[in-house]
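Dear colleague,

I am passing on the structure below, and my notes on it follow. Please read them with the coordinates open beside you.

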Protein chains: 2
Amino acid sequence: GATDWPSKSTGTSGGRLDIIARHGFPALDTIRVFDNFILAYDRRHRTAHWVLEHMSREHLDADHPYDRSGIEFFEDHVVHDYWRSTNQDYHRSGYDRGHLAAAGNHRRDRALIAQTFILSNIAPQVGKGFNRDVWNRLEKYVRWRARRSDNLWVCTGPLYLPAREPRDGKLYVKYEVIGRNHVSVPTHFFKVVVWETAGAYDMEAYVLPNQAVDDRTALESFRVPIDTVERAAGLLFFQRIPRHEFRSINGKSV
Amino acid sequence: GATDWPSKSTGTSGGRLDIIARHGFPALDTIRVFDNFILAYDRRHRTAHWVLEHMSREHLDADHPYDRSGIEFFEDHVVHDYWRSTNQDYHRSGYDRGHLAAAGNHRRDRALIAQTFILSNIAPQVGKGFNRDVWNRLEKYVRWRARRSDNLWVCTGPLYLPAREPRDGKLYVKYEVIGRNHVSVPTHFFKVVVWETAGAYDMEAYVLPNQAVDDRTALESFRVPIDTVERAAGLLFFQRIPRHEFRSINGKSV
Ligand SMILES: [Mg+2]
Ligand SMILES: [Mg+2]
């Protein structure tokens with residue numbers, strides 16, 4: 001129905017919702033609540049609009065090795081079948097089933113890892129050179145940050161950005177849709193990261209093209225002003241923290 | 001903030017909200033409430049996601065001629081300036097500022113007509129052959145229906161539909177964006193109409209391409225199954241009326 005917020009789902013949410021969303025929801029859509037992440041489902045694109053995660057050291061440090069073997073991607077049955085993406089949609093599409101909330105962020109517990117395999121948390125990503133390479137490098141960087149801070153929040157999502165066509169000089173958005181359910185293939189993906197260390201907040205924003213990227217490209221080269229992502233994504237990030245209260249944004253003192 | 005529903009706006013809403021939305025909100029987004037229509041704003045496309053209107057005879061019959069002269073299009077200042085469309089965006093774009101809630105549906109009162117000129121209710125439409133022709137013809141048909149029923153509801157919105165490219169046989173969504181604020185030019189528009197006559201409900205759904213259409217094309221040729229629009233728009237229409245309770249859908253007995 002219309003009031004499907006917050007629609008509980010796999011796993012308990014309890015007090016986690018409060019901490020994950022402490023700095024505000026980026027927007028109010030069809031919200032899905034999991035143990036360590038929340039997502040807003042985008043019915044037209046058949047993937048998430050945004051995914052918000054919280055991490056701290058204890059989420060990443062386990063006394064067992066990280067093991068996602070045998071975990072299968074599964075459909076989100078809370079989403080109406082008109083808009084639900086399926087494994088079949090991705091089959092032979094040429095794209096990976098790319099995690100938005102990264103499986104490795106939830107390594108402490110296999111049940112938490114398994115939650116990230118819900119297809120609402122998945123978007124079509126170029127495999128070689130992107131999902132398996134530069135995007136994975138960005139995910140690892142975020143975990144590196146989380147291990148060195150008291151709390152970390154990361155908001156991840158797809159973008160559908162315009163490009164100018166030389167033919168007529170006009171701007172067009174163009175993206176492929178795959179499978180029977182027309183799952184959109186984003187042109188780009190964003191991550192906006194906020195970490196808290198001894199009460200101080202730092203923030204960084206990244207936008208990467210959904211394409212093979214030279215492995216030697218530094219992650220810093222994908223940093224963009226926060227408002228660039230906000231304009232394109234239709235979201236406001238971590239708005240409950242006034243911008244002037246950040247210690248740094250994109251590596252520069254505020 | 002996140003809980004911007006229902007964000008009251010121009011005009012009083014009062015009990016109108018209840019009647020306009022009696023059969024359910026199509027979705028829960030950034031909702032804007034006007035006297036005779038409600039809309040959900042789509043921050044990424046910088047136009048409405050859907051607009052829901054209610055009409056009855058008394059809304060259409062006035063003792064004065066319909067006069068929209070001198071009414072200007074105006075920006076929606078409730079929308080953050082990151083996503084707000086402006087008159088400048090449409091200027092020299094080649095597109096009309098096309099009404100979603102039609103001005104003529106609110107002809108009883110110039111103040112009600114004026115509300116429809118808010119740019120959140122406007123989308124880029126091809127002028128000649130579409131906005132000024134076949135789309136106008138559909139709007140007039142809806143009013144004709146409203147005059148012959150006790151109540152009429154109409155949900156209108158843009159669509160961004162994929163097309164197959166012969167080059168590679170794949171499906172792509174492609175649309176232009178105009179102006180500094182990148183207002184999306186929809187590939188299609190839909191209208192889903194429900195009217196009530198002596199307690200019986202009838203429904204029709206239309207999808208029209210945002211392009212010049214031969215004036216001799218019958219409106220019936222644009223009728224599509226309700227679920228076709230629902231899948232593409234990410235919406236469920238009038239879901240509080242069970243489908244088997246309709247007298248007719250798209251002219252066929254249910
Ligand atoms: Mg991945
Ligand atoms: Mg018009």
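**A residue in chain A, and conventions**

Leaving out residues up to four places away in sequence, A:Asn131 touches A:Asp96, A:Gly98, A:Gln125, A:Val126 and A:Asn136, where contact means heavy atoms within 4.5 Å. A:Asn131 belongs to helix α5 (residues 127-131) of chain A; helices (H or I, at least four residues) and strands (E, at least two) are DSSP runs, numbered from the N terminus. With a relative accessibility of 16%, A:Asn131 counts as buried, given that buried means under 20% relative accessible area, exposed over 50%, and partly exposed in between (1.4 Å probe, protein chains only).

This is a predicted model, in which local features need pLDDT of at least 70 and side-chain atom pairs count only at pLDDT 80 or more, while totals for chains, interfaces and linings use all residues. Residues are numbered from 1 along each chain as its sequence is written, chains are lettered from A and ligands numbered from 1 in the order in which they are written, and side-chain values use heavy atoms, with hydrogens and water left out.

**Chain A as a whole**

Chain A contains seven helices and 14 strands, and 61% of its 254 residues count as buried. Among its contacts between residues at least 6 apart in sequence, 68% join residues at least 24 apart.

**The interface**

Chain B brings 40 residues to the contact and chain A brings 38 residues. The area buried between them is about 3500 Å², with carbon and sulfur atoms giving 54% of it; buried area here is the accessible area (1.4 Å probe) that two parts lose on being put together, summed over both.

Four salt bridges are found across this interface, a salt bridge being a side-chain nitrogen of Lys or Arg within 4 Å of a carboxyl oxygen of Asp or Glu. One salt bridge links A:Asp42 to B:Arg44, with the closest N and O atoms 2.5 Å apart.

On the side of chain B that touches chain A, β9(B) gives the most, with seven residues. Strand β9 (residues 171-178) of chain A pairs with β9(B) in the antiparallel sense over seven bridges, pairing being assigned if DSSP finds at least two bridges between two strands. Within this pairing, A:Tyr172 has B:Glu176 as its bridge partner.

B:Glu165 is buried at a relative accessible area of 19% and, leaving aside neighbours within four places in sequence, is in contact with A:Lys174, B:Lys170 and B:Tyr172.

**Strands inside chain B**

Strand β3 (residues 37-42) of chain B has six of its six residues buried, so it is largely enclosed by the rest of the structure. B:Phe37, B:Leu39 and B:Tyr41 lie on one side, and B:Ile38, B:Ala40 and B:Asp42 on the other. Strand β2 (residues 30-33) of chain B runs antiparallel to β3(B) and is joined to it by four bridges, and a hairpin of three residues connects the two. Strand β4 (residues 47-55) of chain B is likewise antiparallel to β3(B), with six bridges; four residues separate β3(B) and β4(B) in a hairpin, and B:Arg46 in the turn has a positive phi of about 60°. B:Tyr41 stands opposite B:Ala48 in β4(B), and B:Thr30 stands opposite B:Tyr41 in β3(B).

**Salt bridges within the chains**

Over all chains the structure holds 30 salt bridges. In one of them the side chains of A:Asp150 and A:Arg57 meet at 3.6 Å, N to O; A:Asp150 lies in the loop between α6 (134-147) and β7 (151-159) of chain A and A:Arg57 in helix α2 (residues 57-60), so the pair ties together parts that are 93 residues apart in sequence.

In chain B, the side chains of B:Asp96 and B:Arg132 meet at 2.6 Å, N to O. B:Asp96 counts as buried at 14% relative accessibility, whereas B:Arg132 counts as exposed at 51%.

With best regards
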